[in-house]
Amino acid sequence: MQNKISDVLVENWDYVMDVEDWQPPLKDALEGVTSEQASWKPEGAAGNSIWETVNHLTYYKELLLRKLKGLEKLPDLESNDATFTVTESGEEAWNQAVAKLKSVHASLREIIVALEEGAYEWGGSGHAPGEEVMSLILHDSYHTGQIVLVRKLQGSWPGQRSFD
């Protein structure tokens, strides 16, 4: 049975958020994280908190979602570093940040499911939709590993994990 390109993209999209594969999915990496843990940073100028990383992931997912839906672009930020900004605190704000990440991810999934075989052909400027989705999958995987590492450094990652 031959899969459509979008089937492969959807499968990998699901690995990033919901399905255990070679690494824990984002939902597992974020499960049980409190706002205090989400705000914690490892020592060093280059260390980001989990919350900062969640906001960064959400920004780039929302950027692609708006592009693929033909909506107005998000305002340009002065740098990539600005996508890691956290302006709120507390459990409610943290839970809302995670909910937004998951919501934007789910909305993008709907678009990915609808991609046709021409997903890698693009008449516009920039990359084809399939290329952008695959790039975001790799981006999410990279940052999920960072979140897990931060949790290990702070002692909030389980010593033993079971997964199916």
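Mentor: A nonpolar core here is a set of buried Ala, Val, Leu, Ile, Met, Phe, Trp, Tyr and Cys residues joined through side-chain atoms within 4.5 Å. Buried means under 20% relative accessible area, exposed means over 50%, and partly exposed lies in between, with a 1.4 Å probe and protein chains only. The model is predicted, so local features need pLDDT of at least 70 and side-chain atom pairs count only at pLDDT 80 or more, while totals for chains, interfaces and linings use all residues. Residues are numbered from 1 along each chain as its sequence is written, and side-chain values use heavy atoms, with hydrogens and water left out.

By that definition, the largest nonpolar core has 33 residues, and Leu26, Leu30, Ile50 and Trp94 have the most contacts inside it. At least two residues of this core come from each of helix 1 (5–17), helix 2 (26–30), helix 4 (50–69), helix 5 (91–114) and helix 6 (129–154). Helix 5 gives the most, with nine residues. Helices (H or I, at least four residues) and strands (E, at least two) are DSSP runs, numbered from the N terminus. As background, nonpolar side chains in soluble globular proteins tend to be buried together.

Contact means heavy atoms within 4.5 Å. Not counting residues up to four places away in sequence, Ile50 touches Leu30, Val33, Gln37, Ala38, Trp40, Trp94, Ile147, Val150, Arg151 and Gln154. Leu30 and Trp94, like Ile50, are among the residues with the most contacts inside the core.

Now the fold around the core. The protein has six helices and zero strands, which read along the sequence as α-α-α-α-α-α. Its radius of gyration is 16 Å, close to the 15 Å that the globule rule gives for 164 residues, so the protein is as compact as a globular protein of that length. That radius is taken over C-alpha atoms, and the globule rule is 2.2 Å times the number of residues to the power 0.38. The C-alpha trace spans about 45 × 40 × 25 Å along its principal axes. Buried residues make up 40% of the 164 residues. Of the contacts between residues at least 6 apart in sequence, 75% join residues at least 24 apart.

Asp14 lies in helix 1 and counts as buried, at 15% relative accessibility. Leaving aside neighbours within four places in sequence, Asp14 is in contact with Val19 and Arg109. Asp14 and His105 are 91 residues apart in sequence, yet their C-alpha atoms are 9.4 Å apart in space.

Glu91 lies in helix 5 and is partly exposed, with a relative accessible area of 38%. Beyond its neighbours within four places in sequence, Glu91 is in contact with Thr34, Ser35 and Glu36.

Ser39 belongs to helix 3 (residues 35–39) and is partly exposed, with a relative accessible area of 40%. The C-alpha atoms of Ser39 and Trp22, 17 residues apart along the chain, are separated by 27 Å.
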